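The entries follow in the order in which I looked things up.

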Amino acid sequence: MTWRYYHTVWAVMVFTWLTNYSVRVGLAPALIPIMKEFNLTYAQGGLLATAFFYAYTMMQLPAGYLGDRLGKKAIIVLAAAWWGLMSLFTGFTRSFPMLFIARFLTGVGQGSLFSNDRPIIAAYTPREKMGMGQGISFIGLGIGMTLGILFAGMITDSFGWRYIFIFYSIPSFLAALLVFVKIKEPQARAVSPGSERKVPYRLVFTSPDLWLFSLAGIAAIYCLWVLGVWAPAMFKEIGVKELAESSVYSSLLGIAAIPGLILTGMVTDALVKRGTGRKVVIAAEFVAIAVLMALIGLAVSMRASALTLSVLVFVAGLFIWGIWAPAYALLADIVPREILGTAYGLTNTIHFLGSLLAPWVTGKIKDMTGSFAGGAYVAAGFIFLAAIILMAMRPAYRLGPEVPIGEKV
(Lines give C-alpha, C1' and ligand atoms only; values in the text may rest on other atoms or scores of the structure.)
Protein backbone atom coordinates (compact mmCIF):
# COMPACT_ATOMS: atom_id res chain seq x y z
CA MET A 1 0.00 0.00 0.00
CA THR A 2 1.31 3.44 -0.98
CA TRP A 3 1.24 5.91 1.90
CA ARG A 4 -0.97 8.90 1.05
CA TYR A 5 -1.50 12.20 2.82
CA TYR A 6 -4.92 11.10 4.04
CA HIS A 7 -3.18 8.27 5.91
CA THR A 8 -1.12 10.88 7.76
CA VAL A 9 -4.31 12.77 8.61
CA TRP A 10 -5.92 9.56 9.91
CA ALA A 11 -2.84 8.75 12.04
CA VAL A 12 -2.60 12.21 13.63
CA MET A 13 -6.31 12.18 14.46
CA VAL A 14 -6.01 8.70 15.97
CA PHE A 15 -3.38 10.00 18.39
CA THR A 16 -5.35 13.18 19.12
CA TRP A 17 -8.44 11.16 20.01
CA LEU A 18 -6.29 8.81 22.10
CA THR A 19 -5.20 11.70 24.31
CA ASN A 20 -8.74 13.11 24.36
CA TYR A 21 -10.30 9.90 25.63
CA SER A 22 -7.52 9.10 28.09
CA VAL A 23 -8.23 12.36 29.90
CA ARG A 24 -11.98 11.85 29.54
CA VAL A 25 -12.24 8.31 30.96
CA GLY A 26 -9.49 8.68 33.55
CA LEU A 27 -12.25 9.70 35.94
CA ALA A 28 -14.06 6.33 35.76
CA PRO A 29 -11.58 4.23 37.81
CA ALA A 30 -11.00 7.26 40.06
CA LEU A 31 -14.70 7.65 40.91
CA ILE A 32 -14.70 5.13 43.75
CA PRO A 33 -11.78 6.74 45.68
CA ILE A 34 -13.13 10.22 44.87
CA MET A 35 -16.54 9.25 46.24
CA LYS A 36 -14.87 7.98 49.42
CA GLU A 37 -12.69 11.08 49.79
CA PHE A 38 -15.58 13.52 49.38
CA ASN A 39 -18.30 11.29 50.91
CA LEU A 40 -20.48 11.17 47.76
CA THR A 41 -23.45 8.97 46.83
CA TYR A 42 -23.52 7.12 43.50
CA ALA A 43 -25.92 9.73 42.13
CA GLN A 44 -23.49 12.49 43.16
CA GLY A 45 -20.62 10.55 41.59
CA GLY A 46 -22.65 10.35 38.39
CA LEU A 47 -23.29 14.08 38.57
CA LEU A 48 -19.55 14.71 38.82
CA ALA A 49 -19.06 12.61 35.68
CA THR A 50 -21.62 14.76 33.84
CA ALA A 51 -19.73 17.99 34.68
CA PHE A 52 -17.46 17.23 31.74
CA PHE A 53 -20.37 16.49 29.41
CA TYR A 54 -22.26 19.72 30.12
CA ALA A 55 -19.40 21.71 28.63
CA TYR A 56 -18.59 19.08 25.99
CA THR A 57 -22.15 19.11 24.68
CA MET A 58 -22.39 22.90 24.82
CA MET A 59 -19.27 23.34 22.64
CA GLN A 60 -20.21 21.04 19.74
CA LEU A 61 -22.23 23.47 17.66
CA PRO A 62 -20.29 26.73 18.23
CA ALA A 63 -16.96 24.93 17.67
CA GLY A 64 -18.21 23.48 14.38
CA TYR A 65 -19.48 26.86 13.23
CA LEU A 66 -16.22 28.58 14.18
CA GLY A 67 -14.26 25.88 12.35
CA ASP A 68 -16.35 26.40 9.20
CA ARG A 69 -15.73 30.15 9.37
CA LEU A 70 -12.24 30.52 10.86
CA GLY A 71 -10.42 27.26 10.14
CA LYS A 72 -10.64 23.80 11.62
CA LYS A 73 -6.93 23.24 12.27
CA ALA A 74 -6.57 26.27 14.55
CA ILE A 75 -9.57 25.21 16.65
CA ILE A 76 -8.14 21.70 17.13
CA VAL A 77 -4.68 22.97 18.14
CA LEU A 78 -6.15 25.31 20.73
CA ALA A 79 -8.57 22.64 21.97
CA ALA A 80 -5.90 19.97 22.55
CA ALA A 81 -3.62 22.40 24.37
CA TRP A 82 -6.56 23.52 26.54
CA TRP A 83 -7.65 20.04 27.63
CA GLY A 84 -4.04 19.20 28.43
CA LEU A 85 -3.84 22.27 30.64
CA MET A 86 -7.16 21.45 32.33
CA SER A 87 -6.07 17.85 32.92
CA LEU A 88 -3.02 19.21 34.73
CA PHE A 89 -5.26 21.55 36.72
CA THR A 90 -7.49 18.59 37.72
CA GLY A 91 -4.52 16.87 39.29
CA PHE A 92 -3.96 19.78 41.67
CA THR A 93 -7.54 20.26 42.87
CA ARG A 94 -8.16 19.86 46.59
CA SER A 95 -11.93 20.34 46.92
CA PHE A 96 -15.02 18.87 45.31
CA PRO A 97 -16.21 22.22 43.81
CA MET A 98 -12.79 22.78 42.22
CA LEU A 99 -12.78 19.24 40.85
CA PHE A 100 -16.23 19.81 39.34
CA ILE A 101 -15.05 23.07 37.73
CA ALA A 102 -11.87 21.43 36.41
CA ARG A 103 -13.85 18.65 34.71
CA PHE A 104 -16.30 21.19 33.28
CA LEU A 105 -13.45 23.24 31.79
CA THR A 106 -11.87 20.07 30.39
CA GLY A 107 -15.10 19.51 28.47
CA VAL A 108 -14.82 22.97 26.90
CA GLY A 109 -11.62 21.98 25.11
CA GLN A 110 -12.59 18.42 24.30
CA GLY A 111 -15.96 19.53 22.94
CA SER A 112 -14.21 21.55 20.24
CA LEU A 113 -12.50 18.57 18.59
CA PHE A 114 -15.21 16.45 17.04
CA SER A 115 -16.97 18.99 14.84
CA ASN A 116 -13.63 20.06 13.35
CA ASP A 117 -11.76 16.77 13.07
CA ARG A 118 -14.56 14.85 11.31
CA PRO A 119 -14.83 17.42 8.47
CA ILE A 120 -11.03 17.26 8.02
CA ILE A 121 -11.28 13.47 7.66
CA ALA A 122 -14.16 13.91 5.19
CA ALA A 123 -12.18 16.48 3.17
CA TYR A 124 -9.07 14.32 2.67
CA THR A 125 -10.53 10.80 2.52
CA PRO A 126 -11.49 9.41 -0.93
CA ARG A 127 -15.28 9.09 -1.11
CA GLU A 128 -15.15 5.39 -1.88
CA LYS A 129 -13.23 4.86 1.38
CA MET A 130 -15.29 7.23 3.51
CA GLY A 131 -16.71 4.60 5.86
CA MET A 132 -13.32 3.01 6.41
CA GLY A 133 -11.66 6.42 6.83
CA GLN A 134 -14.19 7.61 9.39
CA GLY A 135 -13.77 4.29 11.21
CA ILE A 136 -9.97 3.98 11.24
CA SER A 137 -9.41 7.63 12.16
CA PHE A 138 -11.81 7.18 15.08
CA ILE A 139 -10.14 4.18 16.71
CA GLY A 140 -8.13 6.58 18.88
CA LEU A 141 -11.24 6.81 21.06
CA GLY A 142 -11.09 3.10 21.77
CA ILE A 143 -7.34 3.05 22.28
CA GLY A 144 -7.61 6.06 24.56
CA MET A 145 -10.44 4.49 26.54
CA THR A 146 -8.50 1.23 26.88
CA LEU A 147 -5.24 2.82 27.99
CA GLY A 148 -6.99 5.56 29.93
CA ILE A 149 -9.00 3.15 32.10
CA LEU A 150 -6.25 0.54 32.33
CA PHE A 151 -3.48 2.88 33.51
CA ALA A 152 -5.82 5.01 35.62
CA GLY A 153 -6.56 2.03 37.86
CA MET A 154 -2.87 1.23 38.21
CA ILE A 155 -1.89 4.85 38.82
CA THR A 156 -4.61 5.25 41.45
CA ASP A 157 -3.50 2.15 43.33
CA SER A 158 0.17 3.23 43.22
CA PHE A 159 0.14 7.03 43.51
CA GLY A 160 -3.42 8.25 44.09
CA TRP A 161 -6.10 9.41 41.67
CA ARG A 162 -4.73 12.94 41.13
CA TYR A 163 -1.65 11.63 39.34
CA ILE A 164 -3.87 10.20 36.58
CA PHE A 165 -4.56 13.67 35.25
CA ILE A 166 -1.04 14.98 35.76
CA PHE A 167 0.42 12.14 33.69
CA TYR A 168 -2.33 12.29 31.05
CA SER A 169 -1.73 15.98 30.33
CA ILE A 170 1.64 15.30 28.64
CA PRO A 171 0.43 13.44 25.51
CA SER A 172 -2.36 16.02 25.14
CA PHE A 173 0.20 18.79 24.62
CA LEU A 174 2.02 16.56 22.12
CA ALA A 175 -1.22 16.09 20.17
CA ALA A 176 -1.61 19.86 19.82
CA LEU A 177 1.93 20.07 18.42
CA LEU A 178 1.37 17.22 15.94
CA VAL A 179 -1.81 18.80 14.56
CA PHE A 180 -0.03 22.14 14.19
CA VAL A 181 2.89 20.58 12.30
CA LYS A 182 1.26 17.83 10.24
CA ILE A 183 -2.31 18.88 9.37
CA LYS A 184 -3.12 21.23 6.50
CA GLU A 185 -6.27 23.31 6.61
CA PRO A 186 -8.70 21.83 4.03
CA GLN A 187 -9.31 24.03 1.02
CA ALA A 188 -12.76 25.30 0.18
CA ARG A 189 -14.58 23.44 -2.57
CA ALA A 190 -13.23 24.50 -5.96
CA VAL A 191 -15.80 26.15 -8.24
CA SER A 192 -15.59 27.78 -11.64
CA PRO A 193 -15.87 31.60 -11.93
CA GLY A 194 -19.45 32.76 -11.78
CA SER A 195 -20.70 29.44 -10.39
CA GLU A 196 -20.01 30.09 -6.71
CA ARG A 197 -22.75 28.75 -4.49
CA LYS A 198 -23.78 29.66 -0.99
CA VAL A 199 -25.12 26.78 1.01
CA PRO A 200 -27.49 28.08 3.70
CA TYR A 201 -26.78 26.96 7.25
CA ARG A 202 -30.52 26.65 7.82
CA LEU A 203 -30.44 23.34 5.95
CA VAL A 204 -28.73 21.81 8.98
CA PHE A 205 -31.44 23.02 11.34
CA THR A 206 -34.49 22.32 9.17
CA SER A 207 -33.71 18.85 7.81
CA PRO A 208 -36.11 16.23 9.29
CA ASP A 209 -33.59 13.51 8.44
CA LEU A 210 -30.85 15.16 10.49
CA TRP A 211 -33.23 15.52 13.43
CA LEU A 212 -34.14 11.82 13.27
CA PHE A 213 -30.44 10.94 13.06
CA SER A 214 -29.70 13.21 16.01
CA LEU A 215 -32.49 11.92 18.25
CA ALA A 216 -31.59 8.28 17.59
CA GLY A 217 -27.96 8.93 18.48
CA ILE A 218 -28.87 10.05 22.02
CA ALA A 219 -29.49 6.42 22.97
CA ALA A 220 -26.17 5.27 21.48
CA ILE A 221 -24.20 7.78 23.55
CA TYR A 222 -26.33 6.91 26.59
CA CYS A 223 -25.31 3.24 26.36
CA LEU A 224 -21.65 4.14 25.82
CA TRP A 225 -21.49 6.21 28.99
CA VAL A 226 -23.48 3.79 31.12
CA LEU A 227 -20.54 1.45 30.58
CA GLY A 228 -17.84 4.11 30.11
CA VAL A 229 -18.51 5.60 33.55
CA TRP A 230 -19.84 2.70 35.62
CA ALA A 231 -18.21 -0.47 34.21
CA PRO A 232 -15.44 -0.52 36.86
CA ALA A 233 -18.11 -0.20 39.58
CA MET A 234 -20.17 -2.97 37.92
CA PHE A 235 -17.22 -5.33 38.22
CA LYS A 236 -16.85 -4.31 41.84
CA GLU A 237 -20.53 -5.15 42.35
CA ILE A 238 -20.11 -8.72 41.10
CA GLY A 239 -17.16 -9.31 43.43
CA VAL A 240 -13.95 -8.02 41.80
CA LYS A 241 -12.07 -6.51 44.74
CA GLU A 242 -9.05 -4.67 43.32
CA LEU A 243 -9.57 -1.42 41.41
CA ALA A 244 -6.71 -2.23 39.03
CA GLU A 245 -8.31 -5.58 38.18
CA SER A 246 -11.75 -4.07 37.53
CA SER A 247 -10.07 -1.45 35.33
CA VAL A 248 -8.43 -4.19 33.24
CA TYR A 249 -11.81 -5.83 32.65
CA SER A 250 -13.49 -2.49 31.92
CA SER A 251 -10.80 -1.53 29.40
CA LEU A 252 -12.17 -4.21 27.07
CA LEU A 253 -14.89 -1.71 26.15
CA GLY A 254 -12.22 0.47 24.57
CA ILE A 255 -10.35 -2.41 22.91
CA ALA A 256 -13.58 -3.35 21.13
CA ALA A 257 -13.55 -0.02 19.30
CA ILE A 258 -10.64 -1.01 17.07
CA PRO A 259 -12.21 -4.02 15.31
CA GLY A 260 -15.72 -2.55 15.68
CA LEU A 261 -14.98 0.70 13.84
CA ILE A 262 -12.73 -0.78 11.16
CA LEU A 263 -14.97 -3.73 10.28
CA THR A 264 -18.19 -1.75 10.30
CA GLY A 265 -16.62 0.95 8.16
CA MET A 266 -15.54 -1.62 5.57
CA VAL A 267 -18.94 -3.34 5.62
CA THR A 268 -20.89 -0.14 5.14
CA ASP A 269 -18.66 0.96 2.22
CA ALA A 270 -19.28 -2.40 0.53
CA LEU A 271 -23.04 -2.16 1.07
CA VAL A 272 -23.19 1.38 -0.27
CA LYS A 273 -21.62 0.15 -3.51
CA ARG A 274 -24.52 -2.30 -3.76
CA GLY A 275 -27.11 0.42 -3.21
CA THR A 276 -27.86 -0.13 0.49
CA GLY A 277 -28.17 2.82 2.87
CA ARG A 278 -25.82 3.24 5.81
CA LYS A 279 -28.71 3.65 8.26
CA VAL A 280 -29.59 -0.03 7.83
CA VAL A 281 -26.24 -1.08 9.33
CA ILE A 282 -26.60 1.43 12.18
CA ALA A 283 -30.14 0.31 13.06
CA ALA A 284 -29.12 -3.36 13.06
CA GLU A 285 -26.31 -2.55 15.46
CA PHE A 286 -28.74 -0.64 17.69
CA VAL A 287 -30.83 -3.80 18.06
CA ALA A 288 -27.72 -5.84 18.88
CA ILE A 289 -26.73 -3.29 21.56
CA ALA A 290 -30.21 -3.53 23.10
CA VAL A 291 -29.87 -7.29 23.47
CA LEU A 292 -26.37 -7.04 24.93
CA MET A 293 -27.23 -4.30 27.43
CA ALA A 294 -30.10 -6.47 28.67
CA LEU A 295 -27.69 -9.40 29.05
CA ILE A 296 -25.24 -7.18 30.95
CA GLY A 297 -28.05 -6.24 33.33
CA LEU A 298 -28.87 -9.92 33.81
CA ALA A 299 -25.21 -10.79 34.43
CA VAL A 300 -24.90 -8.07 37.08
CA SER A 301 -28.14 -9.10 38.82
CA MET A 302 -27.04 -12.76 38.93
CA ARG A 303 -23.51 -11.86 40.13
CA ALA A 304 -22.06 -13.66 37.11
CA SER A 305 -18.34 -14.33 36.79
CA ALA A 306 -15.97 -11.56 35.80
CA LEU A 307 -15.20 -13.51 32.62
CA THR A 308 -18.88 -13.56 31.61
CA LEU A 309 -19.36 -9.84 32.21
CA SER A 310 -16.07 -9.07 30.43
CA VAL A 311 -17.19 -10.93 27.31
CA LEU A 312 -20.52 -9.11 27.30
CA VAL A 313 -18.87 -5.71 27.74
CA PHE A 314 -16.43 -6.45 24.90
CA VAL A 315 -19.10 -7.66 22.46
CA ALA A 316 -21.37 -4.74 23.36
CA GLY A 317 -18.41 -2.45 22.69
CA LEU A 318 -18.01 -3.85 19.17
CA PHE A 319 -21.46 -2.54 18.28
CA ILE A 320 -21.48 0.58 20.47
CA TRP A 321 -18.33 1.83 18.75
CA GLY A 322 -19.01 0.28 15.36
CA ILE A 323 -22.06 2.43 14.65
CA TRP A 324 -20.00 5.60 14.36
CA ALA A 325 -18.10 4.66 11.19
CA PRO A 326 -21.29 4.44 9.07
CA ALA A 327 -22.92 7.26 11.05
CA TYR A 328 -20.25 9.84 10.29
CA ALA A 329 -19.87 8.62 6.71
CA LEU A 330 -23.64 9.02 6.33
CA LEU A 331 -23.38 12.69 7.30
CA ALA A 332 -20.54 13.20 4.81
CA ASP A 333 -22.78 11.62 2.14
CA ILE A 334 -25.86 13.81 2.67
CA VAL A 335 -24.53 17.18 3.94
CA PRO A 336 -22.72 19.73 1.70
CA ARG A 337 -19.08 20.16 2.67
CA GLU A 338 -19.50 23.91 3.21
CA ILE A 339 -21.73 23.31 6.26
CA LEU A 340 -20.49 19.89 7.32
CA GLY A 341 -18.74 21.11 10.47
CA THR A 342 -21.95 22.75 11.65
CA ALA A 343 -23.88 19.54 10.88
CA TYR A 344 -21.42 17.41 12.86
CA GLY A 345 -21.60 19.94 15.68
CA LEU A 346 -25.41 20.05 15.86
CA THR A 347 -25.93 16.29 15.65
CA ASN A 348 -23.24 15.54 18.22
CA THR A 349 -24.65 18.20 20.54
CA ILE A 350 -27.95 16.35 20.54
CA HIS A 351 -26.31 12.92 20.74
CA PHE A 352 -24.42 13.89 23.87
CA LEU A 353 -27.60 14.68 25.74
CA GLY A 354 -27.34 10.95 26.41
CA SER A 355 -24.07 11.53 28.26
CA LEU A 356 -25.76 14.07 30.53
CA LEU A 357 -28.38 11.51 31.52
CA ALA A 358 -26.53 8.17 31.61
CA PRO A 359 -24.10 8.63 34.55
CA TRP A 360 -26.65 10.32 36.82
CA VAL A 361 -29.67 8.13 35.95
CA THR A 362 -27.64 4.92 36.29
CA GLY A 363 -26.14 6.09 39.58
CA LYS A 364 -29.59 7.03 40.87
CA ILE A 365 -30.95 3.60 39.97
CA LYS A 366 -28.01 2.04 41.82
CA ASP A 367 -28.79 4.14 44.91
CA MET A 368 -32.48 3.14 44.77
CA THR A 369 -32.10 -0.58 44.01
CA GLY A 370 -28.62 -1.43 45.23
CA SER A 371 -27.64 -2.72 41.78
CA PHE A 372 -26.49 -1.47 38.36
CA ALA A 373 -28.72 -4.07 36.63
CA GLY A 374 -31.69 -1.73 36.35
CA GLY A 375 -29.59 0.92 34.67
CA ALA A 376 -28.53 -1.57 32.00
CA TYR A 377 -32.15 -2.59 31.36
CA VAL A 378 -33.17 1.05 30.90
CA ALA A 379 -30.37 1.53 28.37
CA ALA A 380 -31.51 -1.56 26.44
CA GLY A 381 -35.07 -0.28 26.02
CA PHE A 382 -33.86 3.19 25.08
CA ILE A 383 -31.66 2.06 22.20
CA PHE A 384 -34.22 -0.39 20.82
CA LEU A 385 -36.62 2.55 20.43
CA ALA A 386 -33.81 4.50 18.74
CA ALA A 387 -33.49 1.85 16.01
CA ILE A 388 -37.11 2.46 15.04
CA ILE A 389 -36.56 6.24 14.96
CA LEU A 390 -33.41 5.97 12.83
CA MET A 391 -35.06 3.86 10.14
CA ALA A 392 -37.55 6.70 9.54
CA MET A 393 -34.81 8.64 7.72
CA ARG A 394 -35.57 8.92 4.00
CA PRO A 395 -36.26 6.59 2.33
CA ALA A 396 -38.26 5.68 5.46
CA TYR A 397 -38.07 2.00 6.47
CA ARG A 398 -36.39 1.13 3.18
CA LEU A 399 -32.94 -0.28 2.39
CA GLY A 400 -31.95 2.30 -0.23
CA PRO A 401 -29.29 5.03 0.13
CA GLU A 402 -30.15 8.12 2.14
CA VAL A 403 -31.32 11.32 0.43
CA PRO A 404 -29.08 14.44 0.54
CA ILE A 405 -30.55 17.14 2.76
CA GLY A 406 -32.53 19.76 0.88
CA GLU A 407 -33.44 17.34 -1.92
CA LYS A 408 -36.82 15.75 -2.52
CA VAL A 409 -37.27 12.00 -2.97
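I began with F384, which counts as partly exposed because its relative accessibility is 46%; buried means under 20% relative accessible area, exposed over 50%, and partly exposed in between, with a 1.4 Å probe and protein chains only. F384 lies in helix α20, where helices are DSSP runs of H or I with at least four residues, numbered from the N terminus.

Before going on I noted that this is a predicted model, in which local features need pLDDT of at least 70 and side-chain atom pairs count only at pLDDT 80 or more, while totals for chains, interfaces and linings use all residues. Residues are numbered from 1 along each chain as its sequence is written, and side-chain values use heavy atoms, with hydrogens and water left out.

**Surface patch.** I found F384 in a nonpolar surface patch with V287, V291, L295, L298, M302, Y377, L385, I388 and Y397, which together have about 940 Å² of accessible area. Such a patch takes residues with over 30% relative accessible area and no salt bridge, and joins nonpolar side chains (Val, Leu, Ile, Met, Phe, Trp, Tyr) within 5 Å; the areas come from the Shrake-Rupley method with a 1.4 Å probe. Helices α15 (278-301) and α20 (373-390) each supply at least two of the patch residues.

**Core.** I then looked up the largest nonpolar core, which has 127 residues, and W225, F286, M293 and I296 are those with the most contacts inside it. Helix α11 (residues 208-237) gives the most to this core, with 18 residues. A core here is a set of buried Ala, Val, Leu, Ile, Met, Phe, Trp, Tyr and Cys residues joined through side-chain atoms within 4.5 Å. Not counting residues up to four places away in sequence, I296 touches L227, M234, L309, L312, V313, A316 and A376, contact meaning heavy atoms within 4.5 Å.

**Salt bridges.** How many salt bridges does a search of the whole structure find? I recorded nine, each being a side-chain nitrogen of Lys or Arg within 4 Å of a carboxyl oxygen of Asp or Glu. One of them joins D333 and R127 at 3.3 Å, N to O; D333 lies in helix α17 and R127 in the loop between α6 (114-124) and α7 (130-136), so the pair ties together parts that are 206 residues apart in sequence. D333 is partly exposed at 28% relative accessibility, and R127 is also partly exposed, at 49%.

I next noted D209 and R394, whose closest N and O atoms are 2.6 Å apart; D209 is in helix α11 and R394 in the segment after α20, 185 residues apart. D209 counts as buried at 3% relative accessibility, whereas R394 is partly exposed at 23%.

**Helix α17 and T268.** In helix α17 (residues 324-334), 10 of the 11 residues are buried, among them W324, P326 and Y328. P326 is also in contact with T268, which touches G131, R278 and V281 as well, leaving aside neighbours within four places in sequence. T268 is found in helix α14 (residues 257-273) and is buried at 0% relative accessibility.

**S172.** Last, I checked S172 in helix α9 (residues 162-182), which counts as buried at 0% relative accessibility.

Key
Patches are made of residues with over 30% relative accessible area and no salt bridge: like charges are joined within 9 Å, nonpolar side chains (Val, Leu, Ile, Met, Phe, Trp, Tyr) within 5 Å.
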